[in-house]
Amino acid sequence: MQWVPAVLRRLPKLVLVVLIVSFLTFCLTELLPGDPVNTILGSEAGNPESVAALRAELGLDEPFLERYVDYISGVVTDFDLGRAYSSNFEVKELLTNRLPATIELILLAQVISLLLAIPLALFGAYRADSRADRAITASAFGLISVPNFAMAVFLVYVFSLQLDWFPAVGYDRITGPEGIGANLRSVALPVAVLVAGLTAVYTRLLRSDLIATLQEDFILMARSKGLPTWHVMVRHALRPSSFSLLTVFGINFGTLIGGTVILEYFFAIPGIGGLAVESITKRDYLAVQGVVLVVAVAFVLVNFLVDILYSILDPRVRRAGAA
Amino acid sequence: VLLGLTLIAAACGGDDDDGGAAPDGNTDDTEQPEGTPVKGGELVFGTESDVATLDAGAAAQPADKVITLGIYDPLTTYNEDGEIEPYLAETLTGSDDLQTYEMTLRDGVTFHDDTPLNADAVVKHFNRMKDPATGCPCQGSVSIIESMETPDGPEGLAVTFHLATPSVAFPDLLARSEGYVESPAAVAQHGADYKNHPVGTGPFELAEFTPGERVVLTANPDYWKTDENGIQLPYLDKLTIRPIPDTGQRLAALQAGDIDIFQTADSGTVAQAEESGFTAQKISGSSSTIILMNISKPPFNDVRARQALAYAINKDVINERVYSGVRTPSYSGFATDSPYFNEDAQTPKYDPERAEELVNELGGLEFELVCIPTPEADQILQLVKQMGEAVGMKITLSSQEQGAYVNRIFSKGGDYEAACFRNNHFIEPDQIRAGLTTDDPGNLVFYSNPEVDELLDRGRQTADFDERKEIYDEVQVITTEELPTITTLYDLFGNVYDEDIVGPPPPGEANSLGAIKPGYLYRVDG
């Protein structure tokens, strides 16, 4: 447990990052052109009295810093993210409603991609430049070049319209009446779109790092001891080769929360990305701030975990942290 | 010819059929194009957005309307001739000065929680809508009700409304979401959380509400209404509403059989669905895109400049290029099916020679046309620019983000020359008053004609249809000549379905683009 102090030292930095992000979001939504008052009032926006009354009601007439302090203290003390003006729902309620679908999409996509990428990369690196390896590399390259929405349209055409295996749109909760089967069927296509892109990236990353590691002396050493190939690959080569993969894997958790927006919209999945888009178009600042805050916290936490994993995987990181 | 077409359409529909549907159903359909509604079964309805609210009074989006018109009943409604009539109310009578309205409610109607519908429920409903704490966008419109009385007591069925100012449009207000009455017991029970537990008198009860995912409605077994054949409404046992934001995916979901009917405001999707063999109920005319011209300053203070622009625009080309040809060009401030639509007073049709003459007479016409940046607006404005420049105008296009745009249009004196806008065509004609009355804040083009002012004032002082028809016909004759605005095309809303599965949907609700009363939706095979 030598890595614990290094980790603890990072915590204040993380809190600071979240605070800065929340402040910048607050500024950004303030600077965005367009006024929620116009959006809410519509044609009534021409009436200065209605505008003034609504501004007072929303607290928009108070000074900017005062509003930020009010907001952040509410968040810290009661986890009170305010009330969305457009729908009159608590932002907290909106987020808890929308988070499960996004988390499910991301977790499934990440785990399945890793499960596919690791064996493919091991095989590719072991048989580097063989015909099979070239096929894996080429298809990975192809999959990376296909944009998500194009892949989505293609998969819907094949698996919903032609084969009728999966629904074209919609989301069924695990807790819904039809249980986990319907739930998995409903996320199959969007997860497949994500998996296609992620697996390709992970395979390429891990394969090239593995090839580099396989040139190292300790691998030659292990081989000359007569250890079986799978043992050399998995026990000796994989761990030192997994750093780029781990870094990208961690960052992806953050980017995917925003990156699923198009897929959530396309497949009508009630996730947090869709909430962000709806809220931005309605100038629903509090909802936007809530989403960004959640994304920032998730991003920071996941990367924090990745840092811990680094130090577990590689003793050098621990020592560097202690120095 | 029409019958022939129907038969062919039915034959094609039969080819697509997987053989599951009863052939008898198809034959019935061809003999009676209207079809005879059958009771039973369930449908899945794809809406264009997630439901924003299930609270009575606040429903505004087409997605909200499909659901709330299932859960609630409006106090009044429009019949097929565009005349208003009582619905949940049994009678509604206005006083001569139109400042007092007496209403009697239907007897024996209960809310889904068995609370009786009575005067008390109606009074509590409007008081709740007026309360700022409710946060209803309708707070302004219901503030016209100054006080209410219940002559037969709160348990009785009579309510008298005293209005703050005389209003001929009060019955119209009760046909909108303002007139959806909710159970006072449910409000008392759930308080601020009522929006998640809506209880009305409507044909359906709320069975499940999962935001972003689905709303499930089940038939209200004690619904008060039957159709003209005596069948108890609603026809369906169950209606599931699924929000599908992407319009192309709504069509894919219909093709895959995930849903049975969907709504869309996208004309391209309507055209595409028809090409794929589906049927589209096209509801047109409750709003349109228009061009505002600032009459308070040059160049549009000269009526010839306004006429020149009207003659220069070819609305059929806009329809073809931007809307796949499925929309209807508009030459009036009223919907064509409005009882107040004056067929003899239509704004200028495309006439490039006349436009060019006028531009030459004026010695050239140069102006800036401003709009909010949407792909649709960009396309339309580019076309308008081309058409204007073809007859010698010089048009500068400018795009401004909505907030800045609204500020420009609504600023004193109007900081614009020409601008795009969306105009609602309400059936109640008094709604055009603000836009045309001298010095009214809603008069964005600074139009002023004492004769029109006088006519519009007279139009709101009487409830007599014939008298009002004459008045608004006259207004249309004048405005057609003076052109305070140019309408371009009526917006179109489509409900797309497979006619082998879903019967023709009920007519669209007046004043609310595309909304239908889901109590009348039915499955062909029951």
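Predicted model: local features only at pLDDT ≥ 70, side-chain atom pairs only at ≥ 80, totals over all residues.
Ground rules. Local features need pLDDT of at least 70, side-chain atom pairs count only at pLDDT 80 or more, and totals for chains, interfaces and linings use all residues. Residues are numbered from 1 along each chain as written, chains are lettered from A and ligands numbered from 1 in written order, and side-chain values use heavy atoms, without hydrogens or water.

Disulfide, then. The cut-off is two cysteine sulfur atoms within 2.5 Å. The whole structure has 1 over all chains. B:C371 pairs with B:C420, S to S 1.8 Å. The S-S torsion is about 85 degrees, so this disulfide is right-handed. It links distant parts of the chain: B:C371 is in strand β14 (residues 365-371) of chain B, B:C420 in strand β16 (residues 418-424) of chain B, 49 residues apart. Strands are DSSP E runs of at least two residues, helices H or I runs of at least four, numbered from the N terminus. Both B:C371 and B:C420 are buried, meaning under 20% relative accessible area with a 1.4 Å probe, protein chains only.

Now the helices. In chain A, the axes of α5 (residues 91-126) and α10 (residues 229-241) come within 11 Å and cross at roughly 110 degrees. Axes are lines fitted to C-alpha atoms over the stretch in contact, with angles from 0 to 180 degrees between N-to-C directions.

Who touches whom? From α5(A), A:I118, A:L122, A:A125 and A:Y126; from α10(A), A:T229, A:M233, A:V234 and A:L238. Contact means heavy atoms within 4.5 Å.

Conventions
Buried < 20%, exposed > 50% of the residue type's maximum accessible area, 1.4 Å probe, protein only.
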